[in-house]
Amino acid sequence: MIRTLRIQFKKLYFLNVLWIAFFGFSLQAQLSDNAQISIITCDSGQELYASFGHSAFRVQDTAKGINWVYNYGTFDFNTPNFYSKFARGKLLYSLSVSKFSDFLFTYELENRWVKEQILNLNLEEQNALFRFLENNRKPENRDYKYDFLFDNCATKLPEILKKVLGNKLDFHGEHLKNHFTFRDLIQQNLLTNSWSSFGIDLALGSVIDREAEPEEYMFLPKYVMLQMNNTTLSQSPLVLRERTVLDYNDKRFSRNFGTTPLFWLLLLLLFTLSISYIDLRNGTRSRWLDFFLFLITGSAGLLIFFLWFLTDHSSTANNFNILWAFPFNIAACYFLLRKDRIPKWMGKYILALLVLMAATLLIWIFQIQQFSPLITVVFAILGHRYALLYRYFTNSNSSLQ
């Protein structure tokens, strides 16, 4: 049923875009006295892409039949090389316009609350903002290069308000009693024991561990909404009034511990300890276990290297996860799988990995970069196995068993 509704919604959305494209540009960029412009804030969803909520402008004018949402959070799946551009941080996002009823339909399906802040703008200011949005949605203007922290659907709203309203607009930061880093702000929207939280802490570097400035909090829709209530226009409150459009305060996401990263990491730890005990008793080495651990850590290291050096993502630089998720493990796993004699340098290589893990812990202790708490289980797995391998390779020059 839900899938059918989604398909119908996509068809309606497509027809709606055509309708606005045909009729919208014929309207003069001029609102009537009945108009009002508001900021829409939407609740987070269960999927990762929806975990941080959403923000948009809403323009209403009953005299002209306008009830539109200006949405800076859209992109085209049909873009050539879509996945490559997305991975490399080169995907363009766009401003799209839809009917408010169609926009709301998605959030009704997903039981996500929607709140509206009506802005205290006079007719001249409303028309200036409306003309900006109308000009910005033209094909030659609507695209922008997305950046999760500094240029997204949420940051666009205060940026545009500042451009249109100028020095009359003042963002006040007194409502922010606590000071958070970008990583803290991101993790406020995620469950610690979740694959999304673990993956984000793995992929994002130390650049997000600096304390965010008050206006930088607005990369998240929730903080845009809070900031609007603490913003003045010509020394008067910017928000005239606030209302709830959809209310789903009792929403709950079900979780099964068996699907969480902690469960699988603890299982891997138990398995590794058991196999290592058997190896130690028999004076042998389980080649497939070593191959698996080195393959996984090496692959993770290559991904970190790619995100750090080969993409335009601003938040993936200086990622010291690369010290324990060491890219060269992808090559070392080949030698660990061989049955013939292991290279003499392997013992020193294992020792170097232990030193790099210790360096990672020091970076964590001195708060140069924060890591996922789940990484402690990973360190227990790798530290124990590396220590056994170092003992094995230094005490024996035997061939692989």
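**View 1. Helix H4 and its N-terminal cap.** The N-terminal end of H4 is capped by Asn-122, whose side chain places an oxygen 3.1 Å from the backbone nitrogen of Glu-124. Within H4, the buried residues are Glu-125, Gln-126, Asn-127, Leu-129, Phe-130, Leu-133, Glu-134 and Asn-136.

**View 2. The open antiparallel sheet.** The sheet is open and is built from 7 strands, which follow the order S6-S4-S3-S2-S1-S5-S10 with antiparallel pairing. Strand S6 (143-145) and strand S10 (239-246) stand at the edges, and each has a single partner strand, so one side of each is left without a neighbour in the sheet. From one strand to the next, the twist averages 25°.

**View 3. The pairing of S1 with S2, and the helices on the sheet.** Strand S1, residues 36-42, pairs with strand S2, residues 54-61, in the antiparallel sense over 7 bridges, and Ile-40 stands opposite Ala-56 in S2. Helix H5 (residues 156-165) packs on the sheet, where it touches S1, S2, S3, S5 and S6, and its direction makes about 50° with that of S2. Helix H3 (residues 100-109) lies across S1, S2, S3, S4, S5 and S10, and runs at about 110° to S4.

View 4. Thr-311 is found in the loop between helix H10 (287-309) and helix H11 (329-337). Is this residue buried or exposed? Thr-311 is buried, because its relative accessible area is 11%, which falls under the 20% cut-off. The side chain of Thr-311 reaches the backbone oxygen of Leu-307 at 2.7 Å, and also the backbone nitrogen of His-313 at 3.3 Å. Leaving aside residues up to four places away in sequence, Thr-311 touches Ala-87, Arg-88, Phe-306 and Thr-316.

**View 5. Confidence along the chain.** The protein chain averages a pLDDT of 90, and 90% of the residues score at least 70. Over residues 1-15, however, pLDDT stays under 50, and the model has 12 contacts beyond four places in sequence for them. Over residues 17-27 the pLDDT is likewise below 50, and this stretch has 17 contacts in the model beyond near neighbours in sequence. Where pLDDT is low, the predicted coordinates should not be read in detail.

Conventions: Residues numbered from 1 in each chain as written. Predicted model: local features only at pLDDT ≥ 70, side-chain atom pairs only at ≥ 80, totals over all residues. Heavy atoms only, no water. Helix = DSSP H or I, 4+ residues; strand = E, 2+ residues; numbered from the N terminus. Buried < 20%, exposed > 50% of the residue type's maximum accessible area, 1.4 Å probe, protein only. Polar contact = N/O pair within 3.5 Å; in protein donor to acceptor, adjacent residues only side chain to side chain. Contact = heavy atoms within 4.5 Å. pLDDT = per-residue confidence, 0-100. Pairing = 2+ DSSP bridges. Axes fitted to C-alpha atoms, helices over the stretch in contact; angles between N-to-C directions.
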